[in-house]
Amino acid sequence: MLDIKITLTQNKKEKPDQSKLGFGRYFTDHMFVMNYSDGAWRDPRIEPFHDLVLSPAAMVFHYAQEMFEGMKAYRAPDGTIRLFRPDMNAKRLNRTNDRMIIPQIPVEDFIQAVKTLVKVEEDWIPTAEGTSLYIRPFIIATDAQLGVHPAHNYSFIIICSPVGAYYAAGINPVKIFVERQYTRAVKGGTGFAKVGGNYAASLIGQKEAEDMGYAQVLWLDGIEHKYIDEVGAMNVFFVIDGEVITPTLEDGNILPGVTRDSCIQLLRSWGCKVTERKLAISEIAEANAAGKLDEAFGSGTAAVISPIGELNLDGNKMILNGGKIGPISQKLYDELTAIQWGKKEGPEGWSVVVD
Ligand SMILES: *Cc1c(COP(=O)(O)O)cnc(C)c1O
């Protein structure tokens with residue numbers, strides 16, 4: 001159990017208009033902070049939201065020793081506050097930390113920190129349909145020294161941001177560009193870890209795709225540029241001839257999404273055949289040519305389910321399911337959002353009440 005010291009702000013901010021929240025533009029009144037020094041996490045506290053003071057030599061700025069997580073708090077119709085499978089985020093944080101040689105945080109301490117901050121920021125959880133409080137835990141290396149070594153000092157911080165409904169006007173399938181030139185992750189690298197460096201390396205592909213009118217990039221494996229990894233900041237699923245296929249986590253290139261895992265479990269509970277395996281982009285083209293590519297979608301905390309309406313593969317445009325959302329995408333979206341917002345009972349332990 002953490003002994004969290006709470007210092008409340010004397011000047012609360014004005015809450016933004018719930019219909020104009022967007023994503024990650026407004027921040028709440030407080031933040032959670034805990035520092036690591038002399039071999040232990042210390043001084044867990046909640047303070048008024050404030051800028052950080054760091055040495056310009058702080059290691060995070062130079063060698064990117066850092067990590068982050070992403071999750072949401074939801075206001076249920078019965079008035080309770082819900083988290084969705086927070087233990088999964090805690091465990092993933094520690095797998096990322098191990099890869100980045102950042103000290104671990106006990107699962108129960110992580111969950112306690114998130115719950116305590118969310119409770120303090122309760123009034124910031126928006127109530128309009130589809131809105132939520134996005135939670136961004138992250139850790140940075142703060143040692144002021146330029147030698148390339150793992151740091152000895154870290155800050156673990158959690159900030160919160162009220163976010164709007166991802167689909168303000170109904171679910172809109174997105175256009176995806178299949179990336180042949182750039183690589184997001186490669187076996188032995190940090191693809192499975194939630195770290196900023198993966199994003200820094202991906203920005204150029206994302207920008208070039210956007211310039212061509214595409215919403216996201218579909219990343220292929222870094223060795224042969226042949227097998228599908230994931231799409232932008234989402235995991236990806238394809239439905240071929242009734243079978244749901246998603247790339248395997250085995251090679252360590254892919255971020256193990258909480259939404260991905262939840263989709264797989266729900267689909268299996270409905271009796272759908274779900275296969276986790278290596279999936280070549282050529283198979284997708286062949287299935288499409290044979291009329292067997294039923295639908296495809298991305299999965300992640302922000303959008304929940306993001307149907308793919310078009311895939312651009314080497315200049316050939318594949319239109320999926322007539323550019324409309326498919327039945328499996330729709331069913332998963334409806335079920336997951338109902339469980340997350342506490343409108344429907346999900347599997348044991350998925351919807352966690354903050355009290
Ligand atoms: C966070 C993230 C995901 C989605 O994970 P969820 O836990 O479902 O939100 C997928 N891919 C990448 C690269 C990510 O950073």
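The lining of the largest pocket draws at least three residues from each of domain 1 (5–164) and domain 2 (174–340), with domain bounds that come from an automatic or database domain assignment. This is a predicted model, in which local features need pLDDT of at least 70 and side-chain atom pairs count only at pLDDT 80 or more, while totals for chains, interfaces and linings use all residues. Residues are numbered from 1 along each chain as its sequence is written, and side-chain values use heavy atoms, with hydrogens and water left out.

A pocket here is an open set of points on a 1 Å grid over the protein atoms alone, with protein on both sides within 12 Å along at least five of seven lines; a cavity is a set where a 1.4 Å probe fits but cannot get out, and lining residues have an atom within 4 Å of a point. Volumes are the space filled by probe spheres set on the points, which are joined across faces, edges and corners.

The largest pocket has a volume of about 720 Å³. Its lining holds 33 residues, and Lys 194, Tyr 199, Gly 232, Ala 233 and Met 234 lie nearest the centre. Helix 4 gives the most to this lining, with 5 residues; helices (H or I, at least four residues) and strands (E, at least two) are DSSP runs numbered from the N terminus. By class, the lining of the largest pocket has 15 nonpolar, 12 polar and 6 charged residues, where Ala, Val, Leu, Ile, Met, Phe, Trp, Tyr, Cys and Pro count as nonpolar, Asp, Glu, Lys and Arg as charged, and the others, Gly among them, as polar.

Now for the second largest pocket, which holds about 330 Å³ of space. Among its 22 lining residues, Glu 129, Gly 130, Thr 131, Tyr 333 and Trp 341 are the closest to the centre. Helix 7 supplies the largest share of this lining, 3 residues. Both domain 1 and domain 2 give residues to the lining, so the second largest pocket lies between them.
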